[in-house]
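Please open the model in your viewer and keep the selection panel at hand. The tour below goes from one selection to the next and says what is there.

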Amino acid sequence: MTLNKEIWTKQDYQKFIQYLKENADSTYKDFHQTLVPDMEEFLGCRVPFLKKIGKEIAKGNIDSFLVHNTHHYYEENMIHGIVIGSAKIDFKTRLDCIRDFIPYIHNWAVCDCFCANCKDFKKNLESGFVFIQELLSIDDPYAIRVALVLLLDYYVEPSYLPKIFKILNQIKKDHYYVKMAIAWLLSICYIKYPEETLPFIKQNKLDPWTHNKAISKIRESYRVSKEQKQEILKYKK
């Protein structure tokens with residue numbers, strides 16, 4: 001099927017959905033549904049396949065494609081994220097596209113795949129950070145998770161660590177996938193920069209569950225020495 005179209009019609013999009021159904025894998029569907037409890041209706045397409053076709057769609061007219069997106073299937077939301085992350089558009093336009101996409105992120109898998117595809121945050125750290133702060137102000141757990149995963153993917157560097165620690169102390173959203181993202185982000189900060197991160201681990205405002213989950217993730221990492229894993233246990237809450 002031709003995917004890099006300049007004009008998408010409703011009929012084209014219906015054929016596209018049929019194309020997805022023809023490339024679904026029932027075995028993968030059963031397995032992946034156990035990993036994503038908040039998943040929308042799921043056809044069973046594998047992520048590498050979705051990335052491949054999403055990048056191809058992004059070579060064409062993405063607005064013409066996205067206007068027909070029904071957001072009925074999990075795959076449609078995954079592809080939406082891949083398309084706006086892959087399209088050759090300026091950063092300001094991409095941020096506008098992300099704002100439009102945020103309401104369709106309903107689970108960790110769509111969030112994390114999407115964030116990993118937004119690689120031009122690396123070249124736009126300052127304006128990207130302002131946008132991340134905007135996301136953190138939204139009363140939606142997955143908007144907050146997007147912000148945290150973007151920080152994890154692109155901002156774990158010495159100059160941004162104090163800002164990250166300040167953000168982690170300020171988040172009060174009691175949602176499992178927000179708390180898991182906080183723990184994940186903090187663990188990566190320690191793994192990459194243990195000396196700079198340890199003072200925050202010793203004294204922070206995180207709830208005990210999130211704090212201890214971060215320590216658990218640190219101890220699971222092969223990049224952390226046995227001595228560090230033993231030492232970090234001292235700071236469990």
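Buried here means under 20% relative accessible area, exposed means over 50%, and partly exposed lies in between, with a 1.4 Å probe and protein chains only. This is a predicted model, in which local features need pLDDT of at least 70 and side-chain atom pairs count only at pLDDT 80 or more, while totals for chains, interfaces and linings use all residues. Residues are numbered from 1 along each chain as its sequence is written, and side-chain values use heavy atoms, with hydrogens and water left out.

Begin with helix 12, residues 194–202, where Thr197, Leu198, Phe200 and Ile201 are buried; helices (H or I, at least four residues) and strands (E, at least two) are DSSP runs numbered from the N terminus. These residues lie on the same side of helix 12, because they cover an arc of only 165 degrees around the axis, the arc being that of the directions from the helix axis to the C-beta atoms. Their cover includes helix 10, helix 11 (176–192), helix 13 (208–220) and helix 14 (226–232), where contact means heavy atoms within 4.5 Å.

Select helix 11 next, which is mostly covered, with 14 of its 17 residues buried.

Now move to helix 8 (125–136). Its twelve residues should span 16 Å at 1.5 Å a residue, and its end C-alpha atoms are 16 Å apart, which agrees; the expected span is 1.5 Å times one less than the number of residues. Which residues of helix 8 are buried? They are Gly128, Phe129, Phe131, Ile132, Leu135 and Leu136, and they are on the same side of helix 8 because their arc around the axis is only 160 degrees. These buried residues pack against helix 6 (91–101), helix 9 (141–154) and helix 10, whereas the face turned away from the buried side carries the exposed residues Glu126 and Val130.

Still in helix 8, pick leucine 125, which counts as partly exposed because its relative accessibility is 27%. Leaving aside residues up to four places away in sequence, leucine 125 touches Tyr154, Tyr155 and Tyr160.

Finish at the largest pocket, whose lining includes Phe129, Leu136, Lys163 and Gln170. A pocket is an open set of points on a 1 Å grid over the protein atoms alone, where a 1.4 Å probe fits, with protein on both sides within 12 Å along at least five of seven lines, and lining residues have an atom within 4 Å of a point. Helix 10 (161–170) and helix 8 each give two or more residues to this lining, and helix 10 gives the most, with four.
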